[in-house]
Structure formats: C-alpha cells, structure tokens
Amino acid sequence: VDVNGNQAQGANPNALPLASIGDILETGSYGGAEFPLKSITIFQRNVLATGADRNRVEEWMKKIDFVVVAEMVMSETALYADILLPVCHWFEQEDFVAGGGSTPIVMWQDKAVEPQFESRSDYDICKMLAEKMGYGDFFTYDTAGFIDLMLDSDAFRAVGCTPETLREQKTVREFTVDNFVAFENGFATPTGRFSLYWESPMPWYGAGQEIDFAKERTLYWEPSRYADPASESRSGEYPFFTFSQHMRTRTHTQWWDTGYVKEFDPEPTVRLNPEDAAEYGIADGDAVRLCNEHGSVVMRAVVNSGLPRKMLSSGRSFQSFEFIEGHFASLSSSENNQMIPNSIVNDVAVSIEKA
C-alpha cells in the first residue's frame, strides 16, 4: 500500500482463511464477489500437517492449477508443489528477531555457514522473483541493506537498537524500564480503563458469513460444537475429546527428519486414561484407530494416568508418512469462528478402538 492507501499492482486486499480456499475453488467467488483463484504460494507453513481438516486441504491442493512452496525441507506440503523454492536454513543467513510480550528483546542472528546448493533466503527469493516480473526497482537492497532498512526506525533507536549496536551486542531489550508493569499508565480506551464492552467489533475476514455482533460486543460463552461433553457427538458415537498437543521435540513440523529428535518421539502416539484403556481393551503399544465423520487415523496407544477419562492427547506435529494410517489432522473440521478464521484443531470428538 502506498502513502495514499492504494494497493500495489496485483496485491489482494482480502485476507483469505485457509478453510475457505476449497469453497473458493468450487464457487469461483469469495465474500460475494468473483474470485478466480488459479495459483497459491505457500511459505512458513506446512498446511497439510498442522492445519485443520486435512482431507479438505488435500482436496483443494489437488484441484488448484499452480502451487508454489518455499521450504527448507521436503515436507508433505512441499511434495504437492509444482515449483519448490529451496529456502536456506536460518543458520545460513543473517537476520534478526524482534520479540514482544514475554520476550521483550530484539535478537541478532549471525550467519554460521554459507547457503548450501541452490538454496536462498526468503528475501533473496522475493528479490529474484520481483526482478523477473519487472519489479526489480523495488528491491535494490541486498539482505544486509534490507535488514538495516527495517531497523531504521525511531522506535528501535529509542531503546538503543541500531543495525550497528544489534550486530555488536546480539541482543537489545525493547523495554528499558526496570520492573516494567504492563498498562501501568492505562489502556488505549477513551477512559484509560480496561473495557469488557466493544461497540464496533470488526471481523478479521469477510467470506460473506452472517455475524451476530451481539456476541462480540461483550463477554459470552459458546460451547464447543463437537468437544463439549453435552454435544450431540460426545453423547453419541464419538465419546472422546482429543487435545492437539504442541510437541516439545518439534516446532510444528520442524525437526521431523532429525535423527536424535526421533529418539524421543519415534512415531505418533495417542495417550489415554488407564480406566478408558481397560474399558476398551487397549494396552500400551497397541495400534488404535481414532475415527469420526471427518476422517480417521491409526497410531500407537500410550496409557497415561495424567489424562482425565474420555480425553485423548496426541502431538500435532507428525506428517502423513509417519502415521500407520491416515492423519491426526483429518479428525478436525474446516469450520471457522464468525470473527477469526483460526483452525479449530481442538474442537474434536472421536471414537477409539483397537486397529
């Protein structure tokens, strides 16, 4: 967007929810307007492994005309790419990370080794594409110059962070006040007080969904559709709720092919309460099938007394070729919240049985 608010040529003002892409391909429209989606570029995400409703994602990945994936490793999403752009590892490039919240520091990242083979940094890939498309004049910097440009701000300088100081010191605190207290001087509201009421809530996306704004203006509670104990699913043929656990040995699907990580988590497992295991005749190490109307998955069972009855827990960072059969992400749905299109990975009800 330029200083007058005009979109750049080819830019799309719509923020597309992942769960809406299948509908867009089927209808050719989004938010009540024509939307001829022909290609998609995927970076910084393994959509087939970590999103919701994997079967639905796989359907539209097969239908879309042209898929570009930028990746460091051959993930299952990369396997669907028509063109795979090899991104170098962060050890192979210099960069910085601006923290926030519980990590109030800016951290510098030195390059440890040169990029291997034909891999490039994300910035260099964008620069090369821009030059081929006739937009090279907008990418006149090299990687170091682009980093310097991003760090050239009054906000960074106010905390003593410049390209030179960050490269030298490696870390700079964003908060320089000792014993910092968040919102000590009030909140960004007309009264300066914290408000539980919001007069004009705005949705993050606009797929033409009907929105009950009365729910969004103040506090309300809406039970989960599938996971709630009183839901039709839980009281019917799918009595278990599944919790999608972030694994300590992986960051999403990173490190899946690292040998010593597999020593800790060699294969996907599902944990269940000992009493539930006894009721269903399941022992440690048994292959079990989790199933619902969306899909199914087969993996090893681990009996764990730390879980309450009728709750299952499994790591969400495994890829399809690591399961005995199916995929854990196939158990969830594509449904979105009316305001925010987060993947609903924990609103899941399933049955369990020995495979």
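# Why the labels apply: Arg56 and other residues

Colleague: Why is Arg56 called buried?

Modeller: Arg56 has a relative accessible area of 17%. Buried means under 20% relative accessible area, exposed means over 50%, and partly exposed lies in between, with a 1.4 Å probe and protein chains only. The value for Arg56 is under 20%, so the residue counts as buried. This is a predicted model, in which local features need pLDDT of at least 70 and side-chain atom pairs count only at pLDDT 80 or more, while totals for chains, interfaces and linings use all residues. Residues are numbered from 1 along each chain as its sequence is written, and side-chain values use heavy atoms, with hydrogens and water left out.

Colleague: What makes the pair of Arg56 and Glu26 a salt bridge?

Modeller: The closest N and O atoms of Arg56 and Glu26 are 2.9 Å apart. A salt bridge needs a side-chain nitrogen of Lys or Arg within 4 Å of a carboxyl oxygen of Asp or Glu, so this pair qualifies. Arg56 belongs to helix 3 and Glu26 to helix 1 (residues 21-27), so the bridge ties together parts that are 30 residues apart in sequence. Helices here are DSSP runs of H or I with at least four residues, strands are runs of E with at least two, and both are numbered from the N terminus. Glu26 has 49% relative accessibility and is therefore partly exposed.

Colleague: Which other residue forms a salt bridge with Arg56, and how far apart are the closest N and O atoms?

Modeller: Glu59 does, with the closest N and O atoms 3.6 Å apart. Glu59 and Arg56 are three residues apart in helix 3, which means about one helical turn separates them. At a relative accessible area of 40%, Glu59 is partly exposed. A network of salt bridges links Asp23, Glu26, Arg56, Glu59 and Lys63. The whole structure has 24 salt bridges.

Colleague: How do you know that Glu131 and Lys127 form a salt bridge?

Modeller: Their side chains meet at 3.5 Å, N to O, which is within the 4 Å limit. Both residues lie in helix 4 (residues 122-132), four residues apart, or about one turn of the helix. Lys127 is buried at 17% relative accessible area, whereas Glu131 is partly exposed at 43%.

Colleague: What do the buried residues of helix 4 pack against?

Modeller: They pack against strand 5 and helix 5 (143-151). The buried residues of helix 4 are Tyr123, Ile125, Lys127 and Ala130. Just after helix 4, Gly134 takes a positive phi of about 90°.

Colleague: Why are strand 3 and strand 5 called edge strands?

Modeller: The open sheet has three strands in the order 3-4-5, with parallel pairing. Strand 3 (39-43) and strand 5 (83-86) each pair on one side only. Neighbouring strands of this sheet are turned by 15° against each other on average, direction ignored; such axes are lines fitted to C-alpha atoms, for helices over the stretch in contact, and angles run from 0 to 180 degrees between N-to-C directions.

Colleague: How do you know that strand 4 pairs with strand 5?

Modeller: Four bridges join strand 4 (residues 66-71) to strand 5. Ala70 stands opposite Leu85 in strand 5.

Colleague: What makes the approach of Ser313 to Gln245 a polar contact?

Modeller: Their side chains come to 3.1 Å. A polar contact is a pair of N or O atoms within 3.5 Å; within protein, one must be able to donate a hydrogen and the other to accept it, and residues adjacent in sequence count only if both atoms are side-chain atoms. Ser313 is found in strand 13 (residues 311-315) and is buried at 6%. Leaving out residues up to four places away in sequence, Ser313 touches residues including Phe243, Gln245 and Leu307, where contact means heavy atoms within 4.5 Å.

Key. Two strands pair if DSSP finds at least two bridges between them.
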